[in-house]
Amino acid sequence: MRTATQTSPLHPSLAGLALSGAVAWAAMSLGNIGWLQDHGFSALTVAIVLGIVLGNTIYPRLGASCGEGVRFSKQTLLRAGIILYGFRLTFQDIAHVGLAGVVIDAAMLLSTFGLAWLVGTKVLKLDRDAALLIGAGSSICGAAAVMATEPVLRARSEQVTVAVSTVVIFGSLAIFLYPLLHTLQAEPAWGLRLPDFGVYIGSTVHEVAQVLAAARSIDQHTADVAVITKMVRVMMLAPFLLMLSMKAAPTTSGHQHQHNKLSIPWFAFAFIGVVVFNSFFPLPAALNQLLLQADTLMLAMAMAALGLSTHLSALRSAGIKPMILGAVLFAWLVVGGALVNGALGRLLA
């Protein structure tokens, strides 16, 4: 009896990890399919879709035996994945886009997130956490930003899933829209004369995969500039999380203030440390690639776990307002992003 009592808590963890890992492996395999890659569907977005399908079919019968491992994937593996994400970035990336690219990225991040808070909470009367999650996904790096923001806000699973859904829907639309806008800018009537269309794409499209898919439809130079610009935008995730954590809890009493201090996402510091290390002490290519594969697996497992723990009934109860907010932010990214890129690009060129 004693042995059974000691070992039984391990079984839910192992079973849940195995289930999350299996869904993540399937998502990573499907993510290699050319059609999905061409349309900007990364392993992360595929993982959450598969997780939602299983979470609303067979997982309810497995929840008791898999719950611990699924929660571990959704929380601990998420933080580890965000830390390893730093091996994708270096400070040298900033030099490639110049001051204009950095300022444009910052302007789009702050304006988009501020608009999400204003429209989401003041106009649409959405729950604050839901609005901020949608804002994080739209303003920084899509699903990865939503997942990284979740532990700071302590948001509910269904809120995270709704936010990721806006990234999938509007980011996928961007893949087809931006090449069309590039074609239309040659028409004098439109007056769209951007200093660098790659910076425009990188500073306004949601996911890295979606940025690459949209930019590749134009030409290789645009793709290179767009990806570097997007990577600089991704690098802003850590300071964004640190600033958000300072506002995430009230500070009206000493006890609350102490609790707020403890809510700082320490994994964000580790993320910055990895970026610094990767900038000055790059690892051998083979080892770096191995770490990036491990990072993708961890993040995919976190997304799978999120999907497994999400019920469609909760999504339906969220209503149409989150999608309206996603659409408003998408319109700002496209239209406002063009104005910001045009004005700041010429001013700082």
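Colleague: Which helix is Ile272 in?

Modeller: Ile272 sits in helix 15, residues 266–280. Helices here are DSSP runs (H or I, at least four residues), numbered from the N terminus. This is a predicted model: local features need pLDDT of at least 70, side-chain atom pairs count only at pLDDT 80 or more, and totals for chains, interfaces and linings use all residues. Residues are numbered from 1 along each chain as its sequence is written, and side-chain values use heavy atoms, with hydrogens and water left out.

Colleague: Is Ile272 buried, exposed or partly exposed?

Modeller: Partly exposed, because its relative accessible area is 32%. Buried means under 20%, exposed over 50%, and partly exposed is in between (1.4 Å probe, protein chains only).

Colleague: New topic: where's Ser139?

Modeller: Ser139 is in helix 7, residues 128–141. Ser139 counts as buried because its relative accessibility is 1%.

Colleague: And what does Ser139 touch?

Modeller: Leaving aside residues up to four places away in sequence, Ser139 touches Leu109, Thr112, Phe113 and Arg233; contact means heavy atoms within 4.5 Å.

Colleague: What about its side chain and Gly135, how far apart are the atoms?

Modeller: A polar atom of the Ser139 side chain lies 2.7 Å from the backbone oxygen of Gly135.

Colleague: How far is Gly135 from Leu110?

Modeller: They're 9.7 Å apart in space, C-alpha to C-alpha, and 25 residues apart in sequence. Leu110 belongs to helix 6, residues 92–123.

Colleague: Leu110, buried or exposed?

Modeller: Leu110 counts as exposed, because its relative accessibility is 58%.

How values were computed. Helices (H or I, at least four residues) and strands (E, at least two) are DSSP runs, numbered from the N terminus. A polar contact is a pair of N or O atoms within 3.5 Å; within protein, one must be able to donate a hydrogen and the other to accept it, and residues adjacent in sequence count only if both atoms are side-chain atoms.
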